[in-house]
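Please read these notes with the model open beside you. They go from confidence to overall make-up, and then to a few places in detail.

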Amino acid sequence: MKLFLKSLIFSVGLVGIAVSCDSGSVGQSISQSAIDALIDSTYTLTGQSVLVPDLPPRTTRQLLGVVKDADFGVLESDFVTQFMPASQLDTVGVRAIDIDSVKYYMRIPPKGFSGDSLAPMRASVFALNKILPRDINSSFDPIAEGYCEESDMLGTVSYSATALGMGDSIFSLYEREVAVKLPLQWGRDFFNKYMESPETFASPTAFANWFPGVYVTNTYGSGRVMYISSSVVTFFYRKHTKTAAGNDTVIRLQKDYLATTPEIINNNNVRLKVAQSVIDKIASGEVIIQAPMGYDAKITLPIKELVAEYMNSKGDNLGVVNNLYMNIPAEKISKDGNITVPYNLLLIKSTERETFFNENKVTDNITSYYAAYNEQTKSYEFPELRKYLLSVLDKIDSEEGYVVGDEDCEFTLVPVGVTLDSDYYGNTYVINVVPWIDSPVMCKLNLDGAKIKFGYSIQQLLHKQ
């Protein structure tokens, strides 16, 4: 229903009186205008689920394991990664033979898993035999594509999501490490390579030419996927030195010489068999969002109708767009407490979705926005869509004959991870947006219950003399 909130009469002219002793005449001019502020909330939202073909490697996070959920499907993930090498190794009083052991640590944050915390599983680490491709994505299969073989295994470890003797309630407060022991000879070869060719360690590209990276996969068990926040390779070694008194001594040290960083290629190989119940819901017209992989939602914003109403109301008068607000209700589908609704949704113009992630962009609040899920209202709220509508109106004003097309109205909702930062003055801003990879998430969007509110003002000239 369109509501005329108020009509304000402003006197924008001033009665001017000029008196002449010669003529005795008086001149006068008056102009008035009315400003009508309007809000329209009759607009509706339409959309459908769209299958996600793959995920780009735009995160240092890694997902490992297999989880099954009757309402979600079967999610499997392993990963390949290069490493950023340390530019300098501790070599004074250290020889290759002094390296005692090498371990590859995968660090899981508190509550960083979905599924059964007690399920026994095994992770295996394989050495890659050639450099990872730049155009890699989530459908990458390192064994099928010849990047490693079973004989390239470096190590394996059995693990669960809880530490020995530590209950879930205690474990949820601490970071968990899964440690894979690597071959001692590999560690000594690593040290010798540095001694022979330190330039190999000058950049991740140079290092990858010598050691392309690793493939980490689940080789036993199911029931859980774990989100790995960081990975490092730690060297344990002896250092020959002297005491303060000048006596020979040996001290034991450990240092991280390899790590995953944003500069290197890191790719999650994700496979999702969507539950039949989800497929059936989508076929019946429900709008489902699912990640990792799964489904995004493509929605059609009523931009054509908004522009038409605004232009018709404005006519030849002055107009101002005050606000454009959208709220989309969402509900949980899975009965499993581990499968939550997406924490954040990216609203992106559909024609820009691919380049947004490929170019590591962040939301600009013109053609891309994000909203966090509101537990109280059970919805996602986008209160500042005004700038996008203004950009369309600018095209109409600046490009002769411009007509609002379908691509101006089509947007995609994507589950994402969002990293925020703040400045000295406490202002918060987005520094990173990546496709969601941390855990399985899913929800149904209730587009029929969505609310779109459009507010604008028109200034009409009433009288001029």
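Over which residues does the pLDDT stay under 50?

1. Confidence. The pLDDT (the predictor's confidence in each residue, from 0 to 100) stays under 50 over residues 1-31. For that stretch the model has 57 contacts beyond four places in sequence, a contact being heavy atoms within 4.5 Å. Over residues 164-172 the pLDDT is also below 50, and this stretch has nine contacts beyond near neighbours in sequence. Where pLDDT is low, the predicted coordinates should not be read in detail. The chain averages a pLDDT of 87, and 88% of the residues score at least 70.

2. Ground rules. This is a predicted model, in which local features need pLDDT of at least 70 and side-chain atom pairs count only at pLDDT 80 or more, while totals for chains, interfaces and linings use all residues. Residues are numbered from 1 along each chain as its sequence is written, and side-chain values use heavy atoms, with hydrogens and water left out.

3. Make-up. The chain has seven helices and 26 strands; these are DSSP runs numbered from the N terminus (helices H or I, at least four residues; strands E, at least two). Of its 465 residues, 47% count as buried, where buried means under 20% relative accessible area, exposed over 50% and partly exposed in between (1.4 Å probe, protein chains only). Among contacts with a separation of 6 or more, 79% join residues 24 or more positions apart.

4. Cores. A nonpolar core is a set of buried Ala, Val, Leu, Ile, Met, Phe, Trp, Tyr and Cys residues joined through side-chain atoms within 4.5 Å. The largest one has 42 residues, of which Ile-299, Ile-303, Met-326, Tyr-380, Leu-413 and Leu-445 touch the most other members. Strand 19 (residues 318-331) gives the largest share of this core, five residues. Apart from it lies another core of 40 residues, including Val-102 and Trp-186.

5. Leu-413. Beyond four places in sequence, Leu-413 is in contact with residues including Ile-289, Asp-296, Ile-328, Phe-382 and Leu-445.

6. Ser-117. Where is Ser-117 found? Ser-117 sits in the loop between strand 8 (113-115) and strand 9 (121-127). Is Ser-117 buried or exposed? Ser-117 counts as buried because its relative accessible area is 7%. The C-alpha atoms of Ser-117 and Met-226 are separated by 9.6 Å, although these residues are 109 apart along the chain.
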